[in-house]
Amino acid sequence: MRVLLVEDDEPVAQSLRRGLVRYGFEVVWVATGGDALAHEDPYDVVLLDLGLPDTDGLDVCKALRERGDVPIIVISARSDETDRVVGLELGADDYVTKPFGVREVIARIRAVMRRAQPRTAAEAAGPDRYGSRLTIDRKAARVRLDGEEVALAPKEYDLLAFLTEEPGALMSREQIMEAVWDANWFGPTKTLDVHVAALRRKLAGAITIEAVRGVGFRLEIDKDGDKDGDRGDGSTSGASGNKGDAAS
């Protein structure tokens, strides 16, 4: 996903840029409203600061919206309600007040992109399905396996929701801790292993969470897993969980 970042504060811009790139975003950074309006390469979403050196960010927001429907997220130190209302009325899709964490910004980007690219009526009517056995209802924060609701702790659900956003993608421990726990988490990551083991146990046969030594985890959807968690290769969910813990 291509992001146009319009921010004149270099430390803020570089920090946000590094965080977005780490999550797989492609970021073009400009420091003025003029450069933002002159930028001709395509982009999928705009992160727009209001306090620009050459013009008011609200004017840039209005001009960008008149050009098309690309989602615009305002990122500003202006926390006054009037600024928020004006920004939204001028065409911004969301408004994030500084200081903010990369995790929050990414969540806002994903949310506006979902609204900008709505699913079909059939997809929107029900929960997300992963394979033949697992469904996740993100609106209700409920998970079902073979039609039966699975009791997950809050962080177990958050972890599952995050990993299933991109099945097959390798997520580093740092990415996961920042997204699921806190952007400023400095404690041990053993709690992540505990939650991964819990998901392996509770969703055996529907998903596989592979531990990649020294990096992180990769979630795969088990397309043809049976209800006993036997994947057909002689290994079971219990064995998978033990191997993952050893590799962590």
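## Helices, sheet and a buried histidine

Colleague: Is the crossing of α1 and α5 left-handed or right-handed?

Modeller: In this predicted model, helix α1 crosses helix α5 in a right-handed way, meaning that the near helix is turned clockwise from the far one by less than a right angle. Helices (H or I, at least four residues) and strands (E, at least two) are DSSP runs, numbered from the N terminus.

Colleague: At what angle do the axes of α1 and α5 cross?

Modeller: At roughly 60 degrees, and the axes of α1 (residues 10–22) and α5 (residues 102–116) come within 10 Å; axes are lines fitted to C-alpha atoms, for helices over the stretch in contact, and angles run from 0 to 180 degrees between N-to-C directions.

Colleague: Which residues of α1 and α5 meet?

Modeller: Ser15, Leu16, Gly19 and Leu20 of α1 are in contact (heavy atoms within 4.5 Å) with Val102, Val105, Ile106 and Ile109 of α5. By class, this contact of α1 with α5 has six nonpolar residues, two polar and no charged ones (Ala, Val, Leu, Ile, Met, Phe, Trp, Tyr, Cys and Pro count as nonpolar, Asp, Glu, Lys and Arg as charged, and the others, Gly among them, as polar).

Colleague: Switching to the sheet, in what order do the five strands come?

Modeller: The order is β2-β1-β3-β4-β5, in an open sheet with parallel pairing, where two strands pair if DSSP finds at least two bridges between them. At the edges stand β2 (26–30) and β5 (94–97), each with a single partner strand, so one side of each has no neighbour in the sheet. From one strand to the next, the twist averages 20 degrees.

Colleague: How many bridges join β3 to β4?

Modeller: Three bridges join β3 (residues 45–48) to β4 (residues 72–76), and Leu48 stands opposite Val74 in β4. Helix α3 (residues 57–67) packs on the sheet and touches both β3 and β4, with its direction at about 165 degrees to that of β3.

Colleague: Now His195: is it buried or exposed?

Modeller: His195 is buried (under 20% relative accessible area), with a value of 15%, and it is found in helix α9 (residues 190–202). Apart from neighbours within four places in sequence, His195 is in contact with Lys155, Glu156, Leu159 and Trp181.

Colleague: How many residues of α7 are buried?

Modeller: Seven of the ten residues of α7 (residues 154–163) are buried, so the helix is mostly covered; among them are Glu156, Tyr157 and Leu159.

Colleague: And at what angle do α7 and α8 pack?

Modeller: At about 125 degrees, with the axes of α7 and α8 (residues 173–181) 10 Å apart, and the two helices are therefore oblique to each other. Their crossing is right-handed. Lys155, Asp158, Leu159, Phe162 and Leu163 of α7 make the contact with Gln175, Ile176, Ala179, Val180 and Trp181 of α8, and these residues divide into seven nonpolar, one polar and two charged.

Colleague: For the whole chain, how many helices and strands are there, and what share of residues is buried?

Modeller: The protein chain has ten helices and twelve strands, and 43% of its 248 residues count as buried.

Methods
Residues are numbered from 1 along each chain as its sequence is written. This is a predicted model: local features need pLDDT of at least 70, side-chain atom pairs count only at pLDDT 80 or more; totals for chains, interfaces and linings use all residues. Side-chain values use heavy atoms; hydrogens and water are left out. Buried means under 20% relative accessible area, exposed over 50%, partly exposed in between (1.4 Å probe, protein chains only). Angles under 35 degrees count as roughly parallel, over 145 as roughly antiparallel, 65 to 115 as roughly perpendicular and the rest as oblique.
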